[in-house]
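Visitor: I would like to learn how to read aromatic pairs. Please show me the structure.

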Amino acid sequence: MARRDLLTDSERHALFTVPAAREDLARHYMLSSRDLALVAVRRGDTNRIGFAVQLALMRHPGFGFTLEGGAPDHLVAFMGEQIDVSASAFDTYAVRPATASVHAREVGDALGLRGPTNADLPSPSVIERAGIAGRARARQRTYDALLACVPVESLAKLDATLVVDPKTSLTPLAWLREIATAPTPDNVRGLLDRLARVRDIGLPVTIGDAIHADRLRQFVREGRASSAQLIGRYTPSRRRATLAAMILDLESRLTDAALDMADRIIGGSFTRGNNKQKRSYAETTRDVGRIMRLFDRTVAALAEAQESGMEGFAAVDAAVGWDKLLRARGQARRIADMAEENPLVRAADQWSRLRKFAPLLLEAIDFKAGRGSASTIAALNTLREMNRSGSRDVPPDAPMPFRKEWRTLVKAGGGKPDRRLWETGVLAHLRNKWRSGDVWVERSANYRKFDSYMLSSAEAAPIAADLKLPATADAWIADRSRELDWRLKRFADGLARGEVEGVAFKDGKLSVSPVRADESAAAKDLAARIDALMPHVRITELLHEVARATAFPQAFLNVRTGEHHDNENALLAAILADGSNLGLARMAAASQGVSPDQLIWTKSAYIAPDNYKAALARIINAHHSLPIASAWGQGSTSSSDGQFFRSGKRGSGAGDFNAKYGVDPGFSFYTHVSDQHGPYHVTVISAATHEAPYVLDGLLHHGTGLEIDTHYTDTGGATDHVFALCRMLGFRFSPRLRDLPDRRMACIEAPGQYPSLKPLMGARVKVDVIREHWDEIVRLVASLKAGTVLPSAMLRKLAAYERQNQLDLALREIGRVERTLFMLDWLESPALRRRCQAGLNKSEQRHFLTQAICTFKQGRIADRTHEAQQFRASGLNLVIAAIVYWNSTYIADAVAHLRAIGEPAPDELLAHTSPVGWGHIAFSGDFLWDRAAAMPTGRRPLNLGRMSMAA
């Protein structure tokens, strides 16, 4: 049986080997005056350095010195520096083993040590075995705790989910895990059928509270990555605990999936209605033209009659024809009605489609609401009763919680309410309510009660203190009022004097001169010389070299066992299959050194979101520590931008449309890039989604060692809410606002204080609403900082309220203040505008590299599920990070070479170079993984011949 290790190779290396970093050597091996005295009494340099090395090794890691093992060169050199002895003297220390043995005893005596026994200190292998046994016992206790309250009949139903159904040749578990993505009524019903089967198992709601949430998630990850056959081979307690965790997770996922799909279908009803209305209106273009010409001739005839004193009716009849006007009147009325038609009317045309799933949805989902949404729940109950009784008529007193114009429309004609309009309105209103959190579902992940996502006031207080948030709203108002008043008056004075560089104020409008790139010819020449020196490399070789340098493959742990992958070729091939959009089957066909089965196993057992995140962090952190990286920045600023990828599918599961990108549906990979060019976070978002909610996701939850304090985005990433939250979370938000001259500034003092800026000023900040909701704002900010909820989730909920939510309004008012202060910074500082432009250029450079890598299938993403799309984005981001790291190391070599031969390569010009070039990297062709793995370690020679040709 294979030996299982508790420690990873990197952990064992950290514990039991000599550290390499200078600060670690100093911490462990600095000699005291007493130590120096002990060394000084030895005769000869060889004995002195040998004794010093033995003394060091006995202290850490505590295993002493052996003649066979020797000592690391960097430790010998460090000890030699302290006693002023050349490291070469240590080479002859092993000639006399007896001397080394005597020194070992003397070192032990000096440190008060004796030889260890098993009773004193177990060996590392014994400690590991004890740890493994303890871990196994802890797991068994976790299984028991999770299953303690599960009824016997529920345990039997859990076991039954692994029994193959002869009718379908599938296990119930496999059927439950098939979650459709295309938004169709049949798929909603399928999700609800699965939800009913999950609930029928009868697991108590509270069993998940019996163990730590992280452990429960681990069970879920293991189960999702395991086949039913594999789970069936587990021990009974492990099998049932894994199944119980999966069923709990499935209930939440199926609930969310059904609501997500219903959301898209209901929203799609309005979209389809609007599109149909537009098409119908477009078809009347010729009639509109004809009617407008009749109108023009009628007006002309009346004008001529007035001038000539002729009777108006006779003039119109003669010039136009009264019968013709009467016929046009009906057409004009129909066209006008069509243009003014309420969207609910057209959406109700899809009522029969909504009826295919809505009754089942309302029966399956128990919607909850507070007092403010009591009428919504009353309307749902009325609709449920109508569905159960088969009634076709809406009661005259049926609740109508939706907007006033819809109520008028539903009761048009004064008769009984229109069933189609009323039910469509109720479902559309319910959709908005569950999106915002006004209506919630208890056993859901995405649609819980709004307040449940936030920390309590007591939990938020220490986090708020760490963030240095003002204790009261009045303190914040007083501070920002002084700052804003001073800045506005200074800006007004500067404008009046013509002293604001690059900004003109004429006819009440601001004009801001565009910034110019400050890249010189010398910088371009240096970049070209460095590029010419870059060695050629295949992408397979590059990934292997970066893997050796950063150990990022060690982050890909088996989601079931926690073990490392023992086939690096297969792991790198699976990552590149994601990043290049090639897919596993084509990657296997184009590869030498990996098989299709190896790739399938790797994908199922090792490719997971947490693993991708941890591996990316290793590369980004390793890149950040390279000295050359500081040429581009300190890792303290970053930018983010979305990149559109067209879908490889058509129909309802193909993705969303965005007119900016044409008629093709698709998705956007929203990526955060540091000032050192490292892409440290990526998430997949809908093409139709606003980018702003996702800005903070990357800043708060990237998992790397970067400490970002300033962030740049384009206009699409900027809202007042993001300004507010960034400021309160400690980030300086600096978007490039293309519509800046049209934006209005906010003020806390009376607008009359700034008469010369009157055309630029907007409404006064509503400080009362900030005061009223300050505690909620602090709770929200602390919750985002603690990671209890993603910022994008909360911002989307706030934006989904039908009416102005007061917390949303308070955040917006704070954001208006912070945006105004930023606008003043932007207008007064051309340097800030240049920095922002430079930061965004780094995101643009990454986009070009992305297009070079993700070329297969014409760059179209064919995956339907968000999880699969996220794997594509994560693999692509990891490959780019590896390229940036590899390029950076050879740029450093190229700079060193240029300086060695007397070529100028000043630091100030290096800032204009970039590690995202790819002309020297071969992305296509056969993927020779075995050959890449067998490449010798060490640095590649620079391409000196290419540099000579370039010169």
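Guide: Start with burial: buried means under 20% relative accessible area, exposed over 50% and partly exposed in between, with a 1.4 Å probe and protein chains only. This is a predicted model: local features need pLDDT of at least 70, side-chain atom pairs count only at pLDDT 80 or more, and totals for chains, interfaces and linings use all residues. Residues are numbered from 1 along each chain as its sequence is written, and side-chain values use heavy atoms, without hydrogens and water.

Visitor: How is a pair of aromatic rings described?

Guide: By the distance of the centres and the angle of the planes. Rings of Phe, Tyr and Trp (its six-membered ring) pair if their centres lie within 6.5 Å; planes under 30 degrees apart are stacked, over 60 edge-to-face, the rest tilted.

Visitor: How many aromatic pairs does this rule count?

Guide: The count is 15 aromatic pairs. Take tryptophan 476 and tryptophan 774: their ring centres are 6.3 Å apart and their planes at 40°, so the pair is tilted.

Visitor: Are tryptophan 476 and tryptophan 774 buried or exposed?

Guide: Tryptophan 476 is buried, at 6% relative accessible area. Tryptophan 774 is buried too, at 2%.

Visitor: What is the geometry of tyrosine 612 and phenylalanine 871?

Guide: Their ring centres lie 6.3 Å apart with planes at 45°, so this pair is tilted. Tyrosine 612 and phenylalanine 871 are both buried.

Visitor: Which residues do ring pairs link into a cluster?

Guide: Phe723, Phe733, Phe822 and Trp826.
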